Amino acid sequence: MSTRNQLAKRMSLLGTETAFEVLARAKALQAKGADIVNLGIGAPDFRTPDNIVEAGRKALADGAHFYTPAKGIPELRAAVAEDVARHRGVEVDPDCVMIVPGGKPTMFFAILMFGEPGSEILYPNPGFPIYESMIRFSGAEPVPIELLEENGFSFSAESVLARITPRTRLLILNTPANPTGGVVPLEELDRLAEGLEAHPHVTVLADEIYSRMTYDGFRHESFLRYEALRDRTILLDGWSKTYSMTGWRLGYGVWPRHLVDHAERLQINSNSCPSAPVQWAGVEALRGPQDAVDRMMAAFDERRRIIVDGLNDVPGFSCVTPRGAFYAFPNVTGTGIGSKKLEEKLLHEAGVAILSGTSFGALGEGYLRFSYAAGVDDIREALRRVKDCLATVAP
Ligand code: PLP
């Protein structure tokens, strides 16, 4: 056996985000002339609002071409602190804010910081696939928090607390959630926060990237609200979803004071700093008019109703109404077909790209994820095709 190109063992532990693979497969089929409706990827389909694009363009023209401080420009860190105060009602020190290229780096850094062989990290399952992937990569043991349909894809605080051991280092929360669109009710967060007071060795990573995307008057409550836990809560948020800025790569973490220098060193060792002009666009996003966000949310809400109604009309499907994010997660066990097989069937026979629930962990079996970050016409067309494709298979 050749010893050339021998990879580190941990590379075999690294998973992936299947959404990118399905996107590539859908594009390859499209390139061959296939007519594919893509409801696979979790990226808002709107153009980034013009005022934000203009701020980025102006920053480039004005000479924002250089490295910035590793944690980000002071103007943006201050704007994030203002935004956290406005939407979460919590005062944070801009020195504890670190700007990063997207939502993912905060997750990456937090898991690298705490995960190592012999440690355990609790994470939602089904959940964003990078949690489990990165936990395994770090050498830690991934311990699933089960999100069940009968609990509204939330959890009971008791069941989470019962899984904490002396080896637990990090607890990852995500509300509103990908892939289920579920939200954790405030009472449950309260109970969890109270219970965590007895486990001072556990840090919380609160992934609130969908915090502005809720429906039916549901108010997102941040995990930062618990003062007793603030010195061990890491908040993750970013611009990708709220401002339709997935390709700009801009996000932030609010770190406990004793962790922020470690986070900064991880940033210096990887990204150096976030993109300079993009940070100026981020300042405009937070401080500028917010009516584009309201318009996007009104459109998502309309699509949500259409997709949930349509999915409930597909033989063998039943779909609860999501209360946040932009995903529908129908139970498809009534079709008698496994999730992965159904993903393949719908791509090849119906020309509809969606994701198997198993892309989000073993507990996603029996479900599919439909992203409704697509136009109403595409959503209606996808629903028509799925219904036709399954008309003959379901009981
Ligand atoms: N966290 C969750 C729950 C997500 O669904 C996503 C993206 O889909 C991210 C983080 C990462 O966001 P970004 O694309 O900004 O890295």
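A residue counts as buried when its relative accessible area is under 20%, as exposed when that area is over 50%, and as partly exposed in between (1.4 Å probe, protein chains only). Arg191, with a relative accessible area of 38%, is therefore partly exposed. The model is a predicted one, in which local features need pLDDT of at least 70 and side-chain atom pairs count only at pLDDT 80 or more, while totals for chains, interfaces and linings use all residues. Residues are numbered from 1 along each chain as its sequence is written, and side-chain values use heavy atoms, with hydrogens and water left out.

The overall layout comes first. The domain assignment divides the protein chain into domain 1 (9–47 + 291–389) and domain 2 (66–287); such bounds come from an automatic or database domain assignment. Between the C-alpha centres of the two domains the distance is 25 Å. Taking contact as heavy atoms within 4.5 Å, 39 residues of domain 1 are in contact with 35 residues of domain 2. About 3,100 Å² is buried between domain 1 and domain 2, and carbon and sulfur atoms give 61% of this area. Here, buried area is the accessible area (1.4 Å probe) that two parts lose on being put together, summed over both.

A salt bridge is a side-chain nitrogen of Lys or Arg within 4 Å of a carboxyl oxygen of Asp or Glu, and three salt bridges are counted between domain 1 and domain 2. A polar contact is a pair of N or O atoms within 3.5 Å; within protein, one atom must be able to donate a hydrogen and the other to accept it, and residues adjacent in sequence count only if both atoms are side-chain atoms. By this rule, 17 residue pairs (both at pLDDT 80 or more) are in polar contact across the interface of domain 1 and domain 2. Helix 10 (residues 291–312) gives the most to the side of domain 1 that touches domain 2, namely seven residues. Helices (H or I, at least four residues) and strands (E, at least two) are DSSP runs, numbered from the N terminus.

The structure as a whole holds 33 salt bridges. In one of them, the side chains of Arg88 and Asp237 meet at 2.9 Å, N to O. Because Arg88 lies in helix 3 (residues 74–88) and Asp237 in strand 7 (residues 233–238), this pair ties together parts that are 149 residues apart in sequence. Both Arg88 and Asp237 are buried.

Glu381 and Arg384 form a salt bridge through their side chains (2.8 Å, N to O), and both lie in helix 12 (residues 376–390), three residues apart, about one turn of the helix. Glu381 is partly exposed at 24% relative accessible area, and Arg384 is partly exposed at 44%. Salt bridges that share partners join Asp35, Glu381, Arg384, Arg385 and Asp388 into one network.

Finally, Glu120 is found in strand 3 (residues 120–125) and counts as buried, at 7% relative accessibility. The side chain of Glu120 makes a polar contact with the side chain of Thr165 (2.9 Å).
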